[in-house]
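Q: I have a model open and want to learn how to read it. Where do we start?

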Amino acid sequence: MSGTHRQPVIAANWKMNLGPTAAAEFVERFQTLSPDNTAGTMILFPPALSLAAVRAAIGDISDIRLGVQNVHTEETGAFTGENSAPMARDAGATFVLVGHSERRHVFGETNAETAAKCRVVVGNALTPVLCVGETITQREAGETNAVVLGQLQEGLAGLRPEQIVALVIAYEPVWAIGTGRTATPRDAATVHVLIRGVLVELAGEGGREIPILYGGSVTPENAQALLAAEEVGGLLVGGASLDPDRWASICAAAGAASR
Ligand code: PGA
């Protein structure tokens with residue numbers, strides 16, 4: 001099955017960039033470039049502090065969805081500096097990035113914490129975008145499949161099949177993130193097919209409908225070829241999503257790929 005059998009999910013991970021003022025300016029500029037962004041689902045993941053500004057800038061009529069980049073495993077409490085899933089929902093988010101490689105490798109997040117976050121996100125009627133991916137050392141040691149499998153099986157532990165089918169998965173090879181070194185569509189397809197197999201094992205036939213996004217140095221130039229790869233159901237974009245013109249080009253590529 002090709003990656004074009006359903007409408008793509010195109011997600012922008014702004015990481016720790018674009019404060020409220022810059023974020024609102026981004027949305028204003030983007031809307032002048034791409035008034036018709038109805039091809040598929042578009043999700044913006046601004047920093048939590050910019051969520052309200054983005055929400056205000058997109059207004060009521062836009063079909064842009066919002067997400068947060070991280071939540072704590074607990075819903076409330078003495079966790080200075082953290083944000084929770086109920087707060088994200090209250091602030092207008094419908095998606096949450098879980099297990100992004102920077103959470104895993106910069107902040108030491110384990111598969112067990114990732115699983116706890118998936119559970120609290122689902123428990124608050126939000127959709128986790130569970131990110132998985134191997135490091136270059138793991139890839140060169142031939143461990144890609146084992147690492148990705150472990151991240152999926154452990155990250156989804158405790159979720160029932162009917163909860164798993166509502167998720168979004170993102171495959172982001174760590175060596176491709178922010179490096180300019182993109183996986184080839186073929187490399188991406190190999191791992192996406194593996195992920196699809198695991199999802200069907202864990203969630204039954206419904207696992208075939210779960211969007212599997214590719215992320216890692218996606219650009220306007222490579223977006224369409226990646227979207228055409230087998231089982232690639234969308235894109236998770238970091239650096240190239242910070243510029244409204246480049247982001248609009250990626251959205252246009254997704255629109256073209258979905259036709
Ligand atoms: P990048 O980041 O597009 O800058 O490689 C992707 C991500 O980390 O989600």
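Q: Which residues surround the ligand, and which are the closest?
A: Keep in mind that the model is predicted. The ligand is surrounded by 13 residues. Closest are Lys15, His100, Glu172, Gly178 and Ser217.

Q: How many residues of that shell are nonpolar, polar or charged?
A: Sort the shell by residue class. Here 7 are polar, 4 are nonpolar and 2 are charged.

Q: Which atoms lie 2.7 Å from an oxygen atom of the ligand?
A: Look for N or O pairs within 3.5 Å. Lys15 places a polar side-chain atom 2.7 Å from a ligand oxygen. In His100, a side-chain N or O atom is also 2.7 Å from an oxygen atom of the ligand. Ser217 uses its backbone: an N or O atom there lies 2.7 Å from a ligand oxygen. As for burial, the ligand taken alone exposes 290 Å², and the protein buries 95% of that.

Q: What describes two packed helices?
A: The angle between their axes and the distance between the axes. Take helix H1, residues 20–33, and helix H11, residues 244–257. Their axes are 9 Å apart, at an angle of about 45°.

Q: Are H1 and H11 parallel or oblique?
A: Angles under 35 degrees count as roughly parallel, and 65 to 115 as roughly perpendicular. H1 and H11 are therefore oblique to each other. H1 passes H11 in a right-handed crossing.

Q: What are the angle and distance for H1 and H2?
A: Helix H2 spans residues 51–58. Its axis and that of H1 come within 8 Å and cross at roughly 25°. The two helices, H1 and H2, are therefore roughly parallel. The crossing of H1 past H2 is right-handed.

Definitions and conventions:
Residues are numbered from 1 along each chain as its sequence is written. This is a predicted model: local features need pLDDT of at least 70, side-chain atom pairs count only at pLDDT 80 or more; totals for chains, interfaces and linings use all residues. Side-chain values use heavy atoms; hydrogens and water are left out. A residue is near a molecule or strand if one of its heavy atoms lies within 4 Å of it. A polar contact is a pair of N or O atoms within 3.5 Å; within protein, one must be able to donate a hydrogen and the other to accept it, and residues adjacent in sequence count only if both atoms are side-chain atoms. Accessible areas come from the Shrake-Rupley method with a 1.4 Å probe; for residues, only the protein chains shown count as cover. Ala, Val, Leu, Ile, Met, Phe, Trp, Tyr, Cys and Pro count as nonpolar, Asp, Glu, Lys and Arg as charged, and the others, Gly among them, as polar. Axes are lines fitted to C-alpha atoms, for helices over the stretch in contact, and angles run from 0 to 180 degrees between N-to-C directions. Helices (H or I, at least four residues) and strands (E, at least two) are DSSP runs, numbered from the N terminus. Angles under 35 degrees count as roughly parallel, over 145 as roughly antiparallel, 65 to 115 as roughly perpendicular and the rest as oblique. A crossing is left-handed if the near helix is turned anticlockwise from the far one by less than a right angle, and right-handed if clockwise.
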